[in-house]
Amino acid sequence: MVSLSAWDLLAAKRAALEAAVTGSLELASETSLGFAQAVLAGRAELLNSARAAGDLDYGGIPALARAGFLAGSADFDPAGFIRALDRLRGRGKAGRGQLGPDDLAILGIAAGLAAVDDKDGSDAERRRWLLDLANENAEPNSWSNRARQLAADLLDGAGRLRADPQGQADAMALDTVLRQRWPRAFATVPPITVEQRRELMAALLSTAAPAPGELERAAIWLSAAGQLVQRISAELVPDYSSLVTTLEATQSAFRRWVWDTQPNRRFIGPARWLIDTEAHLQAFLWAILEPRFGDDLVDEQYLPGFGQKQARFDFAVRALKTIVEVKIVRSLRDFAKIEEEVAGDLGLYFSDPRNWDRMIVYVYDDCDVHHSERYDTLRAALVQRDRRIGAVVVVQRPGMIPPRGQRAPWTPADSTASVEDT
């Protein structure tokens, strides 16, 4: 019996998914075709045999949804899209009932509406109408519900996407694909964890692929598989995404943090890896990043300054032109302080874009009472302040490290006389 490697399985699965996509085009609805075109934009060769978009004047909801999925392309006609949308709204309950249960059609129309330049504010009523449909017909257990959440957030930015996606492989694959296609809507949403990506890859390899006729699911699986392969490639040759992922994974690395209650050698205190200052945190991160990035990793370098001010970054990866800024939060007011400090240094950090053009802010929460609700607020404030702030990673201190007021220094009196020298 021939044993297949993981790469053989992946190649076979991707071939099956490509066949499912091309075999679904002839009979697919306009909504499905538009969605596939949006999420497989980098695989246009697979969609060459797809029929041309229908006439917006007569195509109804599917044609309108497909037009919305093409928003931003040369084929998108904003004026024609709005006229068709207004005709649909004029159909009353009939149009409302047909559109309401269709998560992907709602997303397509929302994407088109969000792309229209609403200079005079006339789209507010259209947005409310579509939001009502999105909110009235939600099915949280549906694999496509994430598309409905995205549609609503594109319309009002209320942050529904911060809730974790529900469901198994289809739901997680859809979330992965939507993040890539509409990244700005996910700017303040916690990233997919390493564990979730591994689970998704395992599911994609072990579960039967969507069959021809299931264009939407086949497109999602194919796009998600492509992204995961890119991640694997980044693990072999680290890129910006793998730097972010490595920093995010430091939270789970704290599970085995050392904080002994008793010494294990005579005259030597118990091993306690205290993180109490930025220097401690920098030493920890250096141990994490140096094996990964080697000579490309540099630390604590001064940058050219202006007047009396000279900035110094904590870490940077030269090949990625990315600075890693390390911050510690000790109280609630420090969240606003971090935003001010980062904003004040941006001009100095990026004075020469030939050296550095991106930043990751790494925040260590050392508060005695964690304020998790402030994490998204801080992420949004920093990411929206400057496009060069690519990510904000927030981790909480290891649970075994005591609150700051209880970190009394160890003395020999804390040792027990019965401990033997090892």
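Predicted model: local features only at pLDDT ≥ 70, side-chain atom pairs only at ≥ 80, totals over all residues.

Modeller: Start at Glu325, whose bridge partner in E4 is Val361.

Now widen the view. The sheet is open and has five strands, in the order E1-E2-E3-E4-E5. Its pairing is mixed. In general, strands of a sheet pair through backbone hydrogen bonds, either parallel or antiparallel. The edges are held by strand E1 (297-299) and strand E5 (389-396). Each has a single partner strand, so one side of each lacks a neighbour in the sheet. On average, neighbouring strands are turned by 20 degrees against each other, direction ignored.

Two helices deserve a look here. Helix H12, residues 240-248, packs on the sheet and touches strand E2 (315-317), E3, E4 and E5. The direction of H12 makes about 5 degrees with that of E4. Helix H14, residues 278-293, also packs on the sheet, with E1, E2, E3 and E4 as the strands it touches. The direction of H14 makes about 145 degrees with that of E3.

Lys321 lies between E2 and E3. Its phi is positive, about 55 degrees, although Lys321 is not a glycine. Most residues other than glycine have a negative phi. Lys321 is partly exposed, with a relative accessible area of 26%.

Strand E4 also brings in the rings. Tyr364 sits in E4, and its partner Phe254 sits in the loop between helix H13 (250-253) and H14. The two are 110 residues apart, so to speak distant parts of the chain that the pair links. The ring centres are 6.3 Å apart and the planes stand at 80 degrees, so the pair is edge-to-face. Both Phe254 and Tyr364 are buried. These two also belong to a cluster: ring pairs link Phe254, Trp257, Trp273, Phe284 and Tyr364.

The structure holds 10 aromatic pairs. Another of them is formed by Phe335 and Tyr375. Here the centres are 6.3 Å apart, with 35 degrees between the planes, and the pair is tilted. Phe335 is in helix H15, residues 334-349, and Tyr375 is in helix H16, residues 373-385. They are 40 residues apart. Phe335 is buried, as is Tyr375.

Charges meet rings too. Arg358 lies over the face of Tyr240, at 3.9 Å from the ring centre. The charged end of Arg181 sits over the ring of Trp182, 4.7 Å from its centre.

Last, the setting. The protein has 16 helices and five strands. Of its 422 residues, 45% are buried. Among contacts with a separation of 6 or more, 71% are between residues 24 or more positions apart. The C-alpha trace spans about 85 × 65 × 45 Å along its principal axes.

How values were computed:
Residues numbered from 1 in each chain as written. Heavy atoms only, no water. Pairing = 2+ DSSP bridges. Helix = DSSP H or I, 4+ residues; strand = E, 2+ residues; numbered from the N terminus. Axes fitted to C-alpha atoms, helices over the stretch in contact; angles between N-to-C directions. Contact = heavy atoms within 4.5 Å. Phe/Tyr/Trp six-rings, centres within 6.5 Å; stacked < 30°, edge-to-face > 60°. Buried < 20%, exposed > 50% of the residue type's maximum accessible area, 1.4 Å probe, protein only. Lys NZ or Arg CZ within 6 Å of the ring centre and 35° of its normal.
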